[in-house]
Amino acid sequence: MDPNRLTAIPIFSDLSPDEAKRLSAFATETSAAEGQILMKEGDYSTELIAIEEGTADVVQGGSKIASLKEGDLIGEMGLLSREPRNADVIATSPMRLLKLTHWEIRRMSDDTVDRIKQTIEKRRAAGVADPAHH
């Protein structure tokens with residue numbers, strides 16, 4: 001995958017060219033159809049999903065609690081905290097997604113992992129962190 005596509009996603013925008021190149025080698029691209037369930041409430045998080053194109057809703061107990069769009073992340077909190085998901089995430093349009101498993105993230109340098117964690121903490125503090133964990 002082209003590292004520039006990875007760094008176009010806000011959480012990865014601060015990666016060094018070397019880090020972006022290494023991480024882009026591990027990232028997998030996938031697509032989702034409208035109506036597809038990307039994550040299920042109660043499941044454990046094993047991957048970080050970045051939305052490259054498309055939209056999704058976060059649904060908790062049958063109620064929509066958030067909408068996600070290009071550049072948003074799904075699953076970053078569960079990836080770091082190992083907690084089960086507390087909401088479903090359902091595609092509301094055709095989507096293009098980038099996925100990284102926690103194994104791939106663990107293979108990265110401590111510096112890179114720390115930077116991703118700091119970005120997640122900043123997003124959480126700003127109220128834009130993983131809506132599945134609100």
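## About the model

The structure is a predicted model, in which local features need pLDDT of at least 70, side-chain atom pairs count only at pLDDT 80 or more, and totals for chains, interfaces and linings use all residues. Residues are numbered from 1 along each chain as its sequence is written, and side-chain values use heavy atoms, with hydrogens and water left out.

## The overall layout

The protein chain holds five helices and eight strands. Both are DSSP runs numbered from the N terminus: helices are H or I with at least four residues, and strands are E with at least two. Read from the N terminus, the order of elements is α-α-β-β-β-β-β-β-α-β-β-α-α.

The chain has 134 residues, and 45% of them count as buried. Here, buried means under 20% relative accessible area, exposed means over 50%, and partly exposed lies in between (1.4 Å probe, protein chains only). The chain exposes about 6800 Å², with carbon and sulfur atoms supplying 49% of that area; accessible areas come from the Shrake-Rupley method with a 1.4 Å probe, and for residues only the protein chains shown count as cover. A contact means heavy atoms within 4.5 Å. Among contacts between residues at least 6 apart in sequence, 77% join residues at least 24 apart.

Four strands form an open sheet in the order 2-7-4-5, with antiparallel pairing. Strand 2 (37–39) and strand 5 (63–68) stand at the edges with a single partner strand each, so one side of each has no neighbour in the sheet. On average, neighbouring strands of this sheet are turned by 30° against each other, direction ignored. Axes for such angles are lines fitted to C-alpha atoms, for helices over the stretch in contact, and angles run from 0 to 180 degrees between N-to-C directions.

Two strands pair if DSSP finds at least two bridges between them. Strand 4 (residues 56–60) is joined to strand 5 by five bridges. Across this pairing, aspartate 57 faces serine 67, and valine 58 faces alanine 66. Two residues lie between these strands in their hairpin, where glycine 61 takes a positive phi near 55°. Strand 4 also pairs with strand 7 (residues 88–91) over four bridges, and there valine 59 stands opposite aspartate 88. Four of the five residues in strand 4 are buried.

## The partners of strand 8

Strand 8 (residues 95–101) runs antiparallel to strand 1 (residues 28–32), and five bridges join them. Threonine 30 has leucine 97 as its bridge partner in strand 8. Strand 8 also pairs with strand 3 (residues 47–53) in the antiparallel sense, over six bridges. In that pairing, isoleucine 49 stands opposite lysine 99.

## A closer look at glutamate 41

Which loop holds glutamate 41? Glutamate 41 lies between strand 2 and strand 3, and it is partly exposed, with a relative accessible area of 40%.

Leaving aside neighbours within four places in sequence, the contacts of glutamate 41 include Val59, Gln60 and Gly61, and also Arg85, Asn86, Ala87 and Asp88. Glutamate 41 and valine 89 are 48 residues apart in sequence, while their C-alpha atoms are 8.2 Å apart in space.
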